[in-house]
Every structure is written in C-alpha cells, then in structure tokens.
Amino acid sequence: MPLEAVEARRLYRQVADQLRSLIDSGEYAVGSRLPTERELAEQLKISRPTVREALIALEVEGRLRIRVGSGIYVIEPAAIAAPAAASVIEGPFELLRAREFLESAIAEQAARVATKDDIARIDASLIAMENVEHPGEASMVHDRAFHVAIAGSLGNAVLVRVVGELFDQRLNPYFAKLAHYFESPGTWRTALDEHRAVRDAIAAHDPDAARKAMRDHLARSQERFAQNFGAESAAGQPSGRSRAARSPAKPSKPKPASKTKRATGGARR
C-alpha cells in the first residue's frame, strides 16, 4: 500500500471534530445547549478564540446555531456537510495573527520608503473607505486597497500579492460568519481611526509608529471578533437542555489537546 501524505490538522478543526462526534453520538441532543466558550476552553485547555473558530466551523456546517445573548445550540442539520472539505480553510484568528505579523513589518518599511505618490494612493483608498457603508462589499474593496497600497510602496510584487491574498481570505465562510456577528457601522468607524493612524505614521516617515499602528489595528480586529457572544451568564441555567449538556465536566466531554498540539496554538490563542 503506498504511503499517503500526512497533513497536521489545525487545532480548531480538532476541537470541531470532537464536538461533532459528541453531537453524532447523542451526547448533545438536537435542541440542547452546549457549554459556553469559556467552559469549553477550560476543559480543552486551549484559548477561547480557538474554541470560537471551532464553533463557527460547526455553525457553517449546519450543526450548531449561535444565539447571541442566549447560547450555542445543537440543531437538526438539513444535510450532513463533509467536514474534510472545510479542513483546508484557515481560521479567522489564524489569518489575523498572520496579517498582524506580516503587515506591521510592511508598514514599518513603508514609513521609510513611501513616496508622495505612494501616500496619495493610500489617501485615495482611505477617502473611499470614509464614504462607503459598512458592512458591505464596497467597504471590503476599499479596505483591501488600503492594505495593498501600503505593501505596494515597497515595490515588491510578491508582498503585494501575499497581502492581497491574505485579505481575500475574509471571503471564506468562517470569516464571513464571524464578521456577521461583530461587524457594524460602529466597528467600521473605529477601524477607520486605526487606518488613519497607520497612514499618518507612514506619511510622517516614522517606522516605529507605523509598525505599532498596524500591529494595534490588526490586534484590535482580533479583539473585536473575540467579544463575548453574551451567553456566559446563561451557563448552568435550565433551558430544556439534555442532561449531558448540563454536565459539561463529564469524562465523555472534550478532552484536552495534547501538549504538542497546544503548543502550536501559541500563547495568544
């Protein structure tokens, strides 16, 4: 038998697989409420953002429904989606961390080399962002143009392509579902202020300030997507859940990831 390539599964996919197995086995019945993100994170000894990525993945598959202010519920799937097809999708927080690392370095260098024409292109995208409704497709187009314009000031086509491709991952179903819960005109205005800080630091040719402004912007994006779903206080209260759902500490519930796997999650997860 020929050997097959081995691909390490992302941590959030491992969590999703465990929860899906518990649902399929009846441990969490249709209509029951799962433990909160906090409880799941404590049981699995991983971060809440990783748990959130897993829950979003299962919601996209049609196995869960997240009700803000109420909880996370098991639903009857219209059709069982094939999880393997989704295993290649990066998690939203994984993408934002990659962008934070890469684009902060790009902004730092842009502050050193950006010309007047480069600043003009950055300004044009920023003006367009200020005059568009959000959430919406147009706002994403102009947001992308802003980040690509900064990368373009370095004169490196590879970086321009990479920044654009990373941004385009916002279109994946997991990122779109997460954004649905937490993006609003208010968060857009906040993000605009963060973009202006990046622009101003680059225009002032201040590399340290540009690096910090971009890092802060993408870190705050992660914080916005990690806000509480609003169901923490509901944990432990009767709501028609199954006995299993009311007893998240049972041995049959999700098991902690191995030390090796937990290490891959990083301290920020």
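Student: Which helices each supply at least two residues of the lining of the largest pocket?

Tutor: That's α7 and α9 (173-182). α9 gives the most, with 3 residues. Helices here are DSSP runs of H or I with at least four residues, strands are runs of E with at least two, and both are numbered from the N terminus. Before we go on: this is a predicted model, where local features need pLDDT of at least 70 and side-chain atom pairs count only at pLDDT 80 or more, while totals for chains, interfaces and linings use all residues. Residues are numbered from 1 along each chain as its sequence is written, and side-chain values use heavy atoms, with hydrogens and water left out.

Student: What makes something a pocket, and what makes something a cavity?

Tutor: Picture a 1 Å grid over the protein atoms alone. A cavity is a set of points where a 1.4 Å probe fits but cannot get out, whereas a pocket is an open set with protein on both sides within 12 Å along at least five of seven lines. A residue belongs to the lining if it has an atom within 4 Å of a point.

Student: Which residues pass that lining test for the largest pocket?

Tutor: H134, P135, G136, E137, M140, R170, L171, A176, A179, H180 and E183. By class they are 5 nonpolar, 3 polar and 3 charged. Ala, Val, Leu, Ile, Met, Phe, Trp, Tyr, Cys and Pro count as nonpolar, Asp, Glu, Lys and Arg as charged, and the others, Gly among them, as polar.

Student: What is the volume of the largest pocket?

Tutor: About 220 Å³. Points are joined across faces, edges and corners, and the volume is the space filled by probe spheres set on them.

Student: How many cavities of 30 Å³ or more are there?

Tutor: The count is 2, and the largest cavity has a volume of about 210 Å³. It is lined by 19 residues, with R170, E183, A191, S221 and R224 nearest its centre. The elements giving two or more residues to that lining are α5 (92-113), α7 (137-152), α10 (185-203) and α11 (207-225). The largest share, 5 residues, is from α11. In all, that lining divides into 8 nonpolar, 6 polar and 5 charged residues.

Student: What is W188 in contact with, leaving aside neighbours within four places in sequence?

Tutor: Contact means heavy atoms within 4.5 Å, and by that test W188 is in contact with M129, V132, H134, S139, M140 and D143. M129 is 59 residues away along the chain, yet the two C-alpha atoms are separated by 9.2 Å.

Student: How do you know whether α1 is mostly covered or mostly open?

Tutor: Of its 14 residues, 10 are buried, so by the under-20% rule it's mostly covered. Among them are L11, Y12, V15 and L19.

Student: Why does the length of α1 make sense for a helix?

Tutor: The expected span is 1.5 Å times one less than the number of residues. For the 14 residues of α1 (residues 11-24) that should be 20 Å, and the end C-alpha atoms are 20 Å apart, so the two agree.

Student: What makes a set of residues a nonpolar core?

Tutor: They must be buried Ala, Val, Leu, Ile, Met, Phe, Trp, Tyr or Cys residues joined through side-chain atoms within 4.5 Å. The largest core has 61 residues, and L34, L55, L64, I150, I202 and F225 touch the most other members.

Technical notes:
Buried < 20%, exposed > 50% of the residue type's maximum accessible area, 1.4 Å probe, protein only.
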